[in-house]
Amino acid sequence: MRARARLAAATAAATLLIGCASGPASSDPGPDRSGPGKDGGRVLVFSKTAGFRHDSIPDGIAAVKALGAAHGFSVDATENAAAFTRKNLARYDAVVWLSTTGDVLNTRQQGAFEQYIRAGGGYVGVHAAADTEYDWPFYGALAGAYFRSHPAVQRARITVEDHAHPATAHLGADWHRTDEWYDYRSNPRERARVLASLDESSYSGGTMGGDHPIAWCQASVAGTAGRSFYTGGGHTKESYAEPAFRQHLLGGIRYATGAAHADCRPERGHTPLFDGSEASLAKWKQAGPGSFALKDDGTLTSVGGMGMLWYADRSFGSYSLKLDWRMSGADKDDNSGVFVGFPPSDDPWSAVHHGYEIQIDATDVPEKTTGSVYGFRSADLAARDRALNPPGEWNTYEIRVEGERLRLWLNGVLINDFTNTDPARSLRDGHIGIQNHGADDEVAFRDIRLRELPTGRTAPEPDPATTPRTGTGTDARTGPTVHGSPMAQGGPAGDGGLAAAGGPAARGGLAAGGGPAARGGLAAGGGPAVDGGSMAKGVLAGDGGLAAKGVLAGDGGLAARGVLAGDGVLAARGGFAAGRLAVDGRLAAGSGGASEAAGPGAR
């Protein structure tokens, strides 16, 4: 349950009558609540109509109440728009707009609901919720798309695009059902994560062409903290008696209330490496003992170990890798991982010694547990724990590799930011693989997909609402670090560097020219410098390197006669050179030219 202030139910009942009605009413008879009142939160079902009224609304209300009773959340239902006040809405984790139509809220009520969403409230839109409040742009963004038209009720084929979201994790690749299929005035794909789409060739009257989303979610709307889920199903009474549709609705409610987590950022351009079919495994190879079993639901489940299934067809350099994973939940202590950046080999230990493992393990030490770069860097544990689904439920990793930088998102939340400095390893070119750890470790994977990124520039950042603003992680080599990087005078730091006078630092290097120094300067990649580096005129010294007149040494590089070394990148009087060594003030032969263009400092 969210940590929002909630008024006592008695106080709210004294000031506002909230009830459940099957038709429009000028006043409600009083509170009508169901469910055992467990720690699963509270949901408000709102079903006021100012246009067409669906006769399935009572069935929908009954279904949500039954789901609440079975899954531990309380349910109130109303058609009274007076329920939309700041104080009353603060009692709820999510509001379900159940086939509402037309203009149902006045300006003051709209403002209260918008503030509720901005404060982290959840929205669930069902069917005709898209036929509501056409003149309220915030609502349109929240719903994701407005209704345009529909053909007759008929059976259709739904393609499930996301198998990790709780609203669709129970479904196979296809879902066949009968409903009234809406066309929408716009396509929500650019701003929402599409969970399922209609195959217009499977029914008559669809007008959206080859891309027809029918269910989607959003992690943030207009920069707010609120969550949004919408499904176009639910026109018919029979929908609410279908087990699969009820589970679909339950998953959407659980996501909106924050009881379950998912990556609801828009996803574009990823190509399947494993799509659940046997044919897609042709380019993968098993290294070492054990194996992975392909199940009928399109999942790969680890069997025995210790080995690794790796994508042998080709290596990758700059990319976004996304995949869904689930621990079995039997003993809550399963173990696996995702390997990146390793050379081709039939020996799984080659990946251990020459690549990096993104760990999946609920119970190990910080630098070896879920979300860590195994043995090298812990995840931001607070952010990870807020985003992690428990064993038995699906999670989604995005591993984004650019140059020697690796960032990790869990269910859409950034939880790790690591830069390789080990000369024996490189993330710039390597293979990917998934680990089968041992006989007692059962972890399932599905929907492994990859999008290659332009080399030499950083891909667009996710919505800030999905990225923790603060937090801590632990580097196995250097101790605690602030999530992101230290900053001086408000300047952003990139890849773990210190920024001085507002200037960004690139690739772990230090920005000089007025940079602050405290009693001997700050060290890069190793903590405070004490009697190790010399400091002159506010210059920073790192790892025992010499600093003189604004020239910095960082991360173990050698600085002499005005040359800066950091993370393998050297700077001479402000200019960066990639892959060169500095010896007695001269640049040794290596890769030529300036540092990775103008880019690294622009992160």
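Which residues of H6 are buried? Select helix H6, residues 243-257, in this predicted model. Its buried residues (under 20% relative accessible area, 1.4 Å probe, protein chains only) are Phe 245, His 248, Leu 249, Leu 250, Gly 251, Gly 252, Ile 253, Tyr 255, Ala 256 and Thr 257. Helices (H or I, at least four residues) and strands (E, at least two) are DSSP runs, numbered from the N terminus.

Next, pick Gly 258, which follows H6 and has a positive phi near 90°.

Now move to the open sheet, where five strands lie in the order S14-S17-S24-S19-S20 with antiparallel pairing (at least two DSSP bridges between two strands). Met 308 has Gln 435 in S24 as its bridge partner.

Finally, colour by pLDDT, the predictor's confidence in each residue from 0 to 100. The chain mean is 77, with 68% of residues at 70 or more. Residues 1-39 stay under 50, and residues 458-603 are also below 50. Where pLDDT is low, the predicted coordinates should not be read in detail.

Residues are numbered from 1 along each chain as its sequence is written. Local features need pLDDT of at least 70, side-chain atom pairs count only at pLDDT 80 or more, totals for chains, interfaces and linings use all residues, and side-chain values use heavy atoms, with hydrogens and water left out.

Conventions. Contact = heavy atoms within 4.5 Å. Expected span 1.5 Å × (residues − 1). Buried < 20%, exposed > 50% of the residue type's maximum accessible area, 1.4 Å probe, protein only.
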